[in-house]
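Work through the exercises below with the model open. Try each task before reading its solution.

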Amino acid sequence: MNIRVKDIMMPNPITVDLNQTVFHLKEIMLLHQPECLLVLDSKKALVGILTPNNLATAAAVAPDEPIEDYMIKTFKKINANATIQEAASLLLSQEVEALPVVDNNDRLIGVVNYKDIVKDLVDDFSQKLTPESAVIYLAMTKDPEQEE
């Protein structure tokens, strides 16, 4: 199985400007119901990520609060040419629901989340799963409550 992140990622992710407020996030949440939002600075460089947990926290505060106070500032990115196994490993290691996808020049080109990886593995059930893809599938679909 040699599937690359670029094959399963969502291109053109929803982005917000660093200078926007929580009010703008609430609007986006209502209109798009995103899996995550990527935060860009004035030079269009990726500076943060907002996950559903961040968005839920931000929804309970004053609308004029800056989004910078709620975004994750330290996160990993993944290259579009990386394998889905590498993406799954990064997702599991950082406990974030999505990974920004960048090209070879470190420009944002998409986003990938665990659902994209699992969906692709499930779609491939018509083919024989390799041991490593079966482990990734099981790890990504494991119910944390059942694990306890």
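Two strands pair if DSSP finds at least two bridges between them. Helices (H or I, at least four residues) and strands (E, at least two) are DSSP runs, numbered from the N terminus.

This is a predicted model: local features need pLDDT of at least 70, side-chain atom pairs need pLDDT 80 or more, and totals for chains, interfaces and linings use all residues. Residues count from 1 along each chain as its sequence is written, and side-chain values use heavy atoms, without hydrogens and water.

**Exercise 1.** Find how many residues lie between β3 and β4 in their hairpin.

Solution. Start with the pairing: β3 and β4 run antiparallel, joined by 4 bridges.

**Exercise 2.** Decide which residues of helix α3 (residues 52-59) are buried.

Solution. Buried means under 20% relative accessible area, exposed over 50%, partly exposed in between (1.4 Å probe, protein chains only). N54, L55 and A58 qualify. They sit on the same side of α3, because their arc around the axis is only 100 degrees (taken from the directions from the axis to the C-beta atoms). These buried residues pack against α2 (22-32), β3 (37-40) and β4 (46-50), where contact means heavy atoms within 4.5 Å. In β4, 4 of 5 residues are buried.

**Exercise 3.** Locate the salt bridges (a side-chain nitrogen of Lys or Arg within 4 Å of a carboxyl oxygen of Asp or Glu).

Solution. The whole structure has 2. K77 meets D106 at 3.0 Å, N to O. K77 lies in the loop between α3 and β5 (78-79) and D106 in the loop between β6 (98-102) and β7 (108-113), so the pair ties together parts 29 residues apart in sequence. R107 meets D103, also at 3.0 Å, N to O. D103 is buried, at 17% relative accessible area.
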